[in-house]
Each structure stands twice: as C-alpha cells, then as structure tokens.
Amino acid sequence: MTQLLERLKKKLEQIEFSAKILAQESKQEQKKSILRSAAVVCATCSGVAMNRNLVPVSMFDSVIIEEAAKVLESECIYAFSKNLKRLVLVGDDQQMRSLVHEKKLKSFSDFDQSLLARLQRLGVPSIQLDQQTRARSSIADLYRWRYTNLRDHWTSHNIQEISNLPSSALAIHVKGNKSKGESNSAECSRILLFLEQLSAAGVKNEDITILSPYKKQKEFIRKRVSSRIQVCTVDEYQGKENDVVLVSMAFSGSRPSAFLCDERRVNVLTSRSKKLFVLFANLSALAQSPVWEPILTKLHQI
C-alpha cells in the first residue's frame, strides 16, 4: 500500500511539473503573438538581446535608440538586422558614457565608445537641437555655453519660479566637514534646513531630487530625508529630471578631485532641474577648478 501511494505521489508531481511547463510555454506563445502583432515595441537594448526568441529584430525596418550617447556599440548590435532601413540615434555626447571597468578594452579598443560618437567622428551628418524646453533660463545658462546656439524655447518662459528665493540657480557655501571620506555632514545639515524652506514655499517632496557624486553621501542623506524625496548619485540620474535639484558635492579638500571636475559629469549634474538648482559646496575650493569657475560665476551665491 505504501509503495502504491509513493508511485501515485511521484506521478502527481510529474503531472504538476508538466502542467507548469505547458503553462510557461503557453505564456511564451501568447507573448510572441502579442509582440509580433505590434507595430511598435519599446525595450532596452539588453532586453532585445535577452528576448530575441520573442521579438525577432528582422520584423522591424526602423530602430530608434534613445540615450544613444550612453549605449555601447556592442549593446546596439542586437537591435539591428539585414532588414534595417532607418536608424535614429538620439543622445547627447556632452554627457557621460557607459562605464567600462576593463582598462585594456577601454584604452586600446575604444570599447566605451557609443555608436553615436563613432558616427559623429566619421563625419556622418547629424541634427543638433538648438532650443531647450526643460528649464528656466537662469538654470539653462549653467550649461548653455556647451552647445552651439542653444536658445530657450518659448515654453520655457512658462516654467514658474519657486517663491521667496533670490534666483532659480543658487550656490550655498558650506565650509568644513565633520565627516570623513566621501560624506559631508555639514552639507547635509544645510540641505535639511533648505528643505524646510522649500516646504514652507509649498514645494512637494516628490518634486525634489538630491544628488551627490558620491554613493556614501547619497546614503548619508537618504537616511535623513523623506522617502518621497529622490536621492541619487549624479551618474544614476542621467536622463532624468525634476522641478528642484539640490546637489551636495561632499568634498573637503582644498580643491576638487578630477572625478568631480569631469566635464561630462558636471554637465549632467547642472542640467537635471527645471525650476530650481541649488549647489551646496565649499565654493572657494570649487572655484580652483577651471571646469567649475565659469559655472560658479552664473550662480547666485549665498
């Protein structure tokens, strides 16, 4: 009797396993049917590579890649087929590239190069946008000079300013640092005070983002502010935006490091906000950098 029950149990397990496999196969077929009937499919480059059995790229003769300056050439390849007729790359080569840790691949093979950068280097004609709609004019001035004839679109003049502040682009001098390494408690304290001022002005927490170049400072601040406030590193926040962006530089030396003066990183950092940009840093030390000096002259310093 015991042996019979054991055999029945094993048989039931086999039936259950087979049913799960059939269910998974059925779901896969359903996904294939839906995707293959779609006129437009949105996916990441890695998503296309991982799901080539669901969405054969040969189905499409047009491919649009957004944030193309950050996507590696090797990541783009999976989206191409012999049927490709139109390729549109949308990106900003003044912002950060993908990070490649292997120095040999990066230095000797240009593995960190995007397809957009390669085509531009080869002289392929491109269209450069010459109007910005994201930010108030005083914020756009922080990065406008990096681009050829970048003007404000008329819609940017409708972006409302935050009340009771002297400018939409501020720099707050914070001298000293009680913390060690890549965190700065003094800057965090000033940010917390400024958040109270923003709250009094009616700014919602979800409309505020706090950025820092360093993960340690990000984590330090994250523990001390509302969960509805986004706290990210600069590198994580590329391609995103918010009404208010507060930046904690979190360095305590006599001059900023090469990491903090990377022009692409600085460009990302200054171009994320729409209504208000506020920089918290030791401004006298930051001014020692030729990368930061022209930006500081455009900020209203407190």
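**Entry 1**

I looked up E161 and found the residue exposed, at a relative accessible area of 52%. I call a residue buried under 20% relative accessible area, exposed over 50%, and partly exposed in between (1.4 Å probe, protein chains only). The model is predicted, so local features need pLDDT of at least 70 and side-chain atom pairs count only at pLDDT 80 or more, while totals for chains, interfaces and linings use all residues. Residues are numbered from 1 along each chain as its sequence is written, and side-chain values use heavy atoms, with hydrogens and water left out.

I then asked which residue E161 meets in a salt bridge. The partner is R136, at 3.7 Å from N to O. A salt bridge here is a side-chain nitrogen of Lys or Arg within 4 Å of a carboxyl oxygen of Asp or Glu. R136 sits in the loop between strand 3 (131–132) and helix 6 (137–144), and E161 in the loop between strand 4 (151–152) and strand 5 (169–173), so the pair ties together parts 25 residues apart in sequence. Helices (H or I, at least four residues) and strands (E, at least two) are DSSP runs, numbered from the N terminus.

**Entry 2: Other salt bridges**

I noted a count of 14 salt bridges by this rule. One of them joins R97 to D112, with the closest N and O atoms 3.4 Å apart. This pair links distant parts of the chain, 15 residues apart: R97 is in the loop between strand 2 (86–90) and helix 4 (103–109), and D112 in the loop between helix 4 and helix 5 (115–121). R97 is partly exposed at 35%, whereas D112 is buried at 9%.

I also recorded R265 with D235, at 2.9 Å from N to O. R265 belongs to helix 9 (residues 263–270) and D235 to the loop between strand 7 (230–233) and strand 8 (242–248), 30 residues apart. R265 is buried at 11% relative accessibility, and D235 is partly exposed at 30%. I found R134, E241, D243, K274 and K275 linked in a network of salt bridges.

**Entry 3: Cysteines**

I searched the whole structure for disulfides (pairs of cysteine sulfur atoms within 2.5 Å) and found zero. For C76, the nearest cysteine sulfur is that of C45, 5.0 Å away. C76 is buried at 2% relative accessibility, and C261 is buried at 16%.

**Entry 4: Aromatic rings**

I found two aromatic pairs. F194 and F280 form an edge-to-face pair, 5.9 Å centre to centre with 80° between the planes. Rings of Phe, Tyr and Trp (its six-membered ring) pair if their centres lie within 6.5 Å; planes under 30 degrees apart count as stacked, over 60 as edge-to-face and the rest as tilted. F194 lies in helix 7 (residues 185–200) and F280 in strand 9 (residues 273–281), so the pair ties together parts 86 residues apart in sequence. Both F194 and F280 are buried.

I also noted R224 over the face of F220, 3.7 Å from the ring centre; the rule asks for NZ of Lys or CZ of Arg within 6 Å of the ring centre and within 35 degrees of the ring normal.
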